[in-house]
Amino acid sequence: MKVFQIGFNKCGTTSLNHFFLRNGYRAVHWDYGNLALKLEENFLHGRPLLSEYEEYSFFSDMELVSNRCLYAFERFYQELDRQYPGSLFILNTRPLDKWLNSRLKHGGGTYLHRFEKIYGCDREGVIRRWEYEWHRHHSNVLQYFYDRENFLLFDIEKDGGDKLKSFIGCAKINASFYRHDHRTTCE
């Protein structure tokens, strides 16, 4: 069984990755943007999306931000659902204002500067674009997975390991292995 985290970075992606690693899953997190690039490359060449990543069972932070932005989790979650039946999908989230503040601080501000170049706008323009992408992605995911049992909406500020354990449905999962790792101070 494959488990895909399909929310944005700065929403507990590292915490989720560590939870699955601590519970014995083969997990891949970001992989320096290579994970996102490989999914796109596989899609463009008609290969299964997880080619070269088949040995993993948990996937998180599937994004690349360089001279462009590729949110592979956003672009390919429906295709992952089709190609890997029985997989589970977690939309990790948090309050929008805290997410924005965390992203603005990410990398000491270098993350924001990369987006200013990618989008060709200033800080306020990037924030508006991030807000739009956030709302669009959440809306699309919630519509796509409406009333589906293989989907979990997971708020990193309200939910915990018990909710993950219940969703995964495996008695061997240790719920206490979930904790907020790599926390950014957003106040």
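Colleague: Which residues do ring pairs link into a cluster?

Modeller: Keep in mind that this is a predicted model. A search of the whole structure turns up 27 aromatic pairs. Ring pairs join these residues into a cluster: F8, Y71, F73, W99, Y111, F115, Y119, W130 and W134.

Colleague: How are the rings of F19 and Y178 arranged: stacked, tilted or edge-to-face?

Modeller: Their centres sit 6.3 Å apart, with the planes at 70°. Planes over 60 degrees apart count as edge-to-face. F19 is in helix α1 and Y178 in the segment after α7 (161–168), 159 residues apart, so the pair links distant parts of the chain. Given that 70° angle, the F19–Y178 pair is edge-to-face.

Colleague: And what is the angle between the planes of F115 and W130?

Modeller: F115 belongs to helix α5 (residues 110–119) and W130 to helix α6 (residues 123–144). Centre to centre, F115 and W130 are 5.2 Å apart. The pair is edge-to-face, and the angle between the planes is 85°.

Colleague: Is W130 buried or exposed?

Modeller: R103 lies over the face of W130, at 4.8 Å from the ring centre. Buried means under 20% relative accessible area. W130 has 0% relative accessibility, so W130 counts as buried.

Colleague: Moving to N23, which residues is N23 in contact with, leaving aside its neighbours within four places in sequence?

Modeller: N23 lies in the loop between α1 (13–22) and β2 (27–29). At 16% relative accessibility, N23 counts as buried. Leaving aside its neighbours within four places in sequence, N23 is in contact with K172, I173, N174 and F177.

Terms used:
Residues are numbered from 1 along each chain as its sequence is written. This is a predicted model: local features need pLDDT of at least 70, side-chain atom pairs count only at pLDDT 80 or more; totals for chains, interfaces and linings use all residues. Side-chain values use heavy atoms; hydrogens and water are left out. Helices (H or I, at least four residues) and strands (E, at least two) are DSSP runs, numbered from the N terminus. Buried means under 20% relative accessible area, exposed over 50%, partly exposed in between (1.4 Å probe, protein chains only). Contact means heavy atoms within 4.5 Å. Rings of Phe, Tyr and Trp (its six-membered ring) pair if their centres lie within 6.5 Å; planes under 30 degrees apart count as stacked, over 60 as edge-to-face and the rest as tilted. A charge sits over a ring if NZ of Lys or CZ of Arg is within 6 Å of the ring centre and within 35 degrees of the ring normal.
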